[in-house]
Amino acid sequence: MNNKGRSYYLIPYYLWIALFVIAPVLLVIYYSLFDLDGNLTLDNYANFFTPVYMKMMLNSFWYAFLITAFSLLVAYPAAYLLTRTKHKQLWLLLIILPTWINLLLKTYAFIGIFGTFGPVNSLFDVLGIGEQQILFTGFSFVFVSVYIFIPFMILPIFSALEELNLSLVDAARDLGASGWTTFRRVIFPLTISGVRSGCMAVFIPALSLFMITRLIAGNRVITLGTAIEQHFLVTQDWGMGSTVAVFLIVIMALFMLLTGSSRKGVRHEK
């Protein structure tokens, strides 16, 4: 088949990208150029650099970083153990299963678990700690988010560990390297591509969380995602909401470019 024939098969792909990626982004940019009264203006972009939105952006980065860091701390050892257990495919399926459950259902389940009369507070009463306010805190928001995103961190790390040449690990141990040195100098550098993919799969969606923020953290955690939700659904200021969305898209695109360029650098070094 010639190149012209192959290009015809790409038409549905290009149509999909145009309709569901490019067109929505252009529409968001279009709405960002109008104020609350429908007048053409650039004030929305100027307002974004006020302290209120800068604080929201810092909060978004901070919580996205925490969610990504804790997900990595849990996911890497889990993926490492998973590659060395029997019936690893079955265990992998059990890890993936929670992603098939609706996100809203999982969030409401944690409302019951962390609630005043939930099992966690019941355990605290048995231990003599007393009732604690777990819901509507930064801790509960990060905990629930990490639980939801962990499978997306485990999968790419597991794939990278599966492709690892174990003879290199054996060679490091034969040369007298300790377990920690072997991990630090051999295993982790050779699986860094999986770590980058997992961090990208977690960090980018964590930047724009709003439903978990609203239901689990209440008004204690305010991010760019909650700002977009408020502008579109409460204040009806679609212009400002679109402006926040534009900056969020730019931030995500920059993050993807940076991780992509660093991944290319690793390949060239190899």
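A residue counts as buried when its relative accessible area is under 20%. With that cut-off in hand, let's walk through this predicted model, starting with one residue that meets it. Val146 has a relative accessibility of 9%, so it counts as buried. You will find Val146 in helix α8, which covers residues 138–162.

What surrounds this valine? Setting aside neighbours within four places in sequence, Val146 is in contact with Ile67, Phe70 and Ser71.

Next, move to the loop between α4 (51–82) and α5 (88–96), where Thr83 sits. Is Thr83 buried or exposed? Its relative accessibility is 10%, and because the cut-off for buried is 20%, Thr83 counts as buried. A polar atom of the Thr83 side chain lies 2.6 Å from the backbone oxygen of Tyr80. Beyond four places in sequence, Thr83 is in contact with Lys88, Phe158, Leu161 and Glu162.

Now for how helices meet. Two packed helices are described by the angle between their axes and the distance between the axes. Take α4 with helix α13 (residues 224–233): their axes come within 8 Å and cross at roughly 130°. That makes α4 and α13 oblique to each other. On the α4 side, the contact is made by Tyr53, Met56, Met57 and Ser60, while α13 brings Leu224, Ala227 and His231. Sorted by class, the residues of this contact between α4 and α13 are 5 nonpolar and 2 polar, with no charged ones.

Helix α6 (residues 103–114) and helix α7 (residues 119–127) give you another pair to look at, with axes 5 Å apart and an angle of about 20°. Angles under 35 degrees count as roughly parallel, and α6 and α7 are therefore roughly parallel to each other. Here Gly112, Ile113 and Phe114 of α6 meet Pro119, Val120 and Asn121 of α7. The contact of α6 with α7 has 4 nonpolar and 2 polar residues, and no charged ones.

Our last stop is helix α11, residues 192–207. Its 16 residues reach 22 Å from the first C-alpha to the last, close to the 22 Å expected at 1.5 Å a residue. Which residues of α11 are buried? They are Ile192, Gly194, Val195, Gly198, Cys199, Met200, Val202, Phe203, Ile204, Ala206 and Leu207. As you trace them, keep in mind that an α-helix has 3.6 residues a turn, so residues three or four places apart point the same way.

Notes:
Residues are numbered from 1 along each chain as its sequence is written. This is a predicted model: local features need pLDDT of at least 70, side-chain atom pairs count only at pLDDT 80 or more; totals for chains, interfaces and linings use all residues. Side-chain values use heavy atoms; hydrogens and water are left out. Helices (H or I, at least four residues) and strands (E, at least two) are DSSP runs, numbered from the N terminus. The expected span of a helix is 1.5 Å times one less than its number of residues. Buried means under 20% relative accessible area, exposed over 50%, partly exposed in between (1.4 Å probe, protein chains only). Contact means heavy atoms within 4.5 Å. A polar contact is a pair of N or O atoms within 3.5 Å; within protein, one must be able to donate a hydrogen and the other to accept it, and residues adjacent in sequence count only if both atoms are side-chain atoms. Axes are lines fitted to C-alpha atoms, for helices over the stretch in contact, and angles run from 0 to 180 degrees between N-to-C directions. Angles under 35 degrees count as roughly parallel, over 145 as roughly antiparallel, 65 to 115 as roughly perpendicular and the rest as oblique. Ala, Val, Leu, Ile, Met, Phe, Trp, Tyr, Cys and Pro count as nonpolar, Asp, Glu, Lys and Arg as charged, and the others, Gly among them, as polar.
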